Amino acid sequence: MMARNLSPSRLKKLLTPFSLTTYTYTRPVSNSLYSLIIEPSPTSPFSQNPTKTPPFIFFAKPFSSQNVKNRSLSNLPLTRDGNYEEATEQAFPICPGCGIHMQDFDPKQPGFSVEPSTKGPHYKKFKKMTPIVDESEISESIKLGLDNDILDVDKLEKFETADHVFDKMSDRTEKQGKASQKPIVCSRCHSLRYYGKVKDPKVENLLPDFDFDHTVGRRLTSIGGARTVVLLVVDASDFDGSFPRKVANMVTKTIDENELSWKEGKSANIPRILLVVTKIDLLPSSISPTRLEHWVRVRARVGGAGRLSGVHLVSSLRDWGVKTLVDDVVKFAGQRGNVWTVGAQNAGKSTLINAIGKCVGNAVTHLTEAPVPGTTLGIVRIEGMFNGKVKLLDTPGLLHPHQISTRLTAEEQKLVRIEKELKPRTYRIKVGHSVHIGGLLRLDVEESSVDSIYVTVWASSLLPLHMGKTENACTMLEEHFGRQLQPPIGDGRVKELGEWVKREFRVSGKLWDSSSVDIAASGLGWFAIGLKGEALLGVWTYDGIDVITRNALLPQKSNNFEVAGFTVSEIVSKADRARNKKKPTKDLKKTTKNDSTKASNEHDLEVLVPLEKKASGLQVK
């Protein structure tokens, strides 16, 4: 049974360590009548003494495939060191997409990969051939202007046959394939590239957590060695949530210590920090680059990166700012430097490195790009991209538990993820009113020195919003969280996300027409507050989520204000239809009438009368 399940190549590997013996025997001549009738002859297939070689006979102890598998698993290193050390590549190959050690004997273990079958250079040659049944009745010679009866051989040599054309096409594709040949990646990277999801997320749990201090931190803080350039990659749409504060403080401290040693005449490696703000194409195109860079430097100083060698605003998808970044990396790395790419999960590190590879043109990178957090599992070393012996190293994304996106499921993350240019959604509200962003964040206007303030929501356009009275907020939590207000998706998910807690912020502003202060939630978005005075705001979210105040990133607001109630959203429409199906017809009419009257009294708005009420003669004032 084991031999049936194993391929011939794998079976051959298993049989190699065992001693194999063959023997040849001669069948004795039988004295029966049958042997006397058949005369032996050299041409007869029935000879008296045929020689046979039976199958191999094993002279070894019994073995099982499970023992071989366990022996291989014991040698497989379950680490995230990747291929930073050259010695690790000899035992197990490294996946060029995610940096994990690859193996081909257990699909339930990390790094499983299947080597694709080899194809000949002409395997596509006959795919474009037309079947004989479908061939045109007009011959090719007539189409080429030749006569079928009188053929000139000299002229025919000028025309290429189909085989010659296909041969040239295959030669051209071979040359192109050698230049951009796709390497073998693990099955996880293959699933992320072509399906956008991880096939078996439980396999990743077998890997240890990425210890940044042990693997990368000790190399960044070393006194000697090659030059060190650190690329701090930050997401522009979630700057404070994705900013690596711990790494920034560590490298800044190393710069101060090593610079002091260098001034004393000692050898010291002074790292260079380049802050790379990615995904700037998600910000409105009207933003000023000069103002954005000044804002970034201020926030980076607050985050602990006070010794920056440069700030780069980059869009990897549109190749904005990549060339300037490459020039700075070449200048600081020298001929033997190490360039470390560090950032939070899903900040765009792998996409940035692939964009750098396209810009440089010397090396083609094959890092896996996916909107799934934690795409890179181990350190990936890339050589030959820059001049000399400079190494570019991609590191696994840092896990920030204070980001609300880390608590969401894959389906919920699709709603929160910002994939298009941000559009403002502005409310003009008074004291005693609240604004919800899905079922994840709520803003209450508790006190204000002015009559009303402007609240602009900057978040994914897929997230539904709601504005209403604060006194009805408890009802919203019980009846609409997980339904009209998503994420979370489903009633049970609300309790799984944690405790709903409140924080208070006192803000002030000097202008009406622009926002002065942002209240940002990590991994979600932010409220931009515009007022000419002071206000006390209460912010509700789940316990452990980081909420901060900062100077406004985007001061503009929308020209058209949002109205009270739910925003127009497909999520709200589906939840309403599901809710209406569960109610009887009579109760549905009463509920619609009561809800309309309640909305008119609560928000002092003109309510549009449904068609059903017009038909029955009801009027709502």
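This is a predicted model: local features need pLDDT of at least 70, side-chain atom pairs count only at pLDDT 80 or more; totals for chains, interfaces and linings use all residues.
Local features were considered at pLDDT of at least 70 and side-chain atom pairs only at pLDDT 80 or more, whereas totals for chains, interfaces and linings use all residues. Residues are numbered from 1 along each chain as its sequence is written, and side-chain values use heavy atoms, with hydrogens and water left out.

A nonpolar core is taken as a set of buried Ala, Val, Leu, Ile, Met, Phe, Trp, Tyr and Cys residues joined through side-chain atoms within 4.5 Å. Buried denotes under 20% relative accessible area, exposed over 50%, and partly exposed the range in between (1.4 Å probe, protein chains only). The largest such core comprises 44 residues, and Phe212, Leu232, Leu275 and Val296 have the most contacts inside it. Among the elements that give two or more residues to this core are α10 (212–220), β5 (228–235), α12 (245–263) and β18 (525–530); helices (H or I, at least four residues) and strands (E, at least two) are DSSP runs, numbered from the N terminus. The greatest contribution, five residues, comes from α12. Beyond residues up to four places away in sequence, Phe212 touches Gly217, Leu220, Val247, Met250, Val342 and Leu398, contact meaning heavy atoms within 4.5 Å. A second, separate core has 43 residues, including Leu408, Leu440, Phe505 and Leu537.

An open sheet is formed by six strands in the order β16-β19-β13-β12-β15-β21, with antiparallel pairing; two strands pair if DSSP finds at least two bridges between them.

The structure contains zero disulfides, a disulfide being a pair of cysteine sulfur atoms within 2.5 Å. For Cys189, the nearest cysteine sulfur is that of Cys98, 3.6 Å away. Cys189 is buried at 0% relative accessibility, whereas Cys474 is exposed at 57%.

Cys189 is also among the contacts of Thr368, which include Gly97, Leu192, Arg193, Ser350 and Thr375 when neighbours within four places in sequence are left aside. Thr368 is located in the loop between α15 (349–360) and β9 (380–383) and is buried, with a relative accessible area of 1%. Its side chain makes a polar contact of 3.2 Å with the side chain of Arg193; a polar contact is a pair of N or O atoms within 3.5 Å, where within protein one must be able to donate a hydrogen and the other to accept it, and residues adjacent in sequence count only if both atoms are side-chain atoms.

Rings of Phe, Tyr and Trp (its six-membered ring) pair if their centres lie within 6.5 Å, with planes under 30 degrees apart counted as stacked, over 60 as edge-to-face and the rest as tilted. Tyr454 is buried at 13% relative accessible area, while Trp512 is partly exposed at 34%. Phe481 and Trp500 also form an edge-to-face pair, with centres 5.4 Å apart and planes at 85 degrees. Phe481 is buried at 2%, as is Trp500 at 16%. Ring pairs additionally link Phe239, Phe243 and Trp295 into a cluster.
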